[in-house]
Amino acid sequence: MRIYISGPISNTKDFKERFARAVKFLSTGYPTATIVNPAALNDVFTVKKDEVSHKEYMNLSFHLMEKCDFIYLLKGWENSAGCNQEYGYATAKDMICLYETN
């Protein structure tokens with residue numbers, strides 16, 4: 001089982017912390033699952049962030065999602081263009097959608 005985390009990243013100062021909390025929460029609730037954290041992609045690139053386009057990040061995200069069974073949507077996903085694209089991909093792929101609550 002693989003769970004992809006989807007949450008706002010652009011213009012969100014604490015996105016790394018929010019994704020880290022989600023990883024911890026999901027690892028506890030689904031101890032045998034592989035948790036896919038796309039926020040870690042920011043650490044993969046050694047170039048300036050502005051040199052990697054939003055479209056390139058999204059393409060990488062879709063490749064990661066391709067092998068996942070679940071999507072975990074963090075609060076505020078509805079207001080993020082990227083998260084909406086991921087949600088659309090997930091529903092088209094019949095992934096199970098989980099939503100962050102309190």
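Predicted model: local features only at pLDDT ≥ 70, side-chain atom pairs only at ≥ 80, totals over all residues.
Let me start with the pairing of strands β1 and β2, two strands that run parallel and are joined by three bridges, where strands count as paired if DSSP finds at least two bridges between them. Strand β1 covers residues 2-6, strand β2 covers residues 34-36, and within this pair Y4 stands opposite V36 in β2. Strand β1 is also mostly covered, since four of its five residues are buried, buried meaning under 20% relative accessible area with a 1.4 Å probe and protein chains only.

Residues are numbered from 1 along each chain as its sequence is written, and side-chain values use heavy atoms, with hydrogens and water left out.

Turning to the whole protein chain, we have four helices and four strands, arranged along the sequence as β-α-β-α-α-β-α-β; these are DSSP runs numbered from the N terminus, helices being H or I of at least four residues and strands E of at least two. The C-alpha trace spans about 35 × 30 × 25 Å along its principal axes, and of the 102 residues in the protein chain, 37% count as buried.

Finally, contacts, which means heavy atoms within 4.5 Å: among those in the protein chain between residues at least 6 apart in sequence, 68% join residues at least 24 apart.

Key. Buried < 20%, exposed > 50% of the residue type's maximum accessible area, 1.4 Å probe, protein only.
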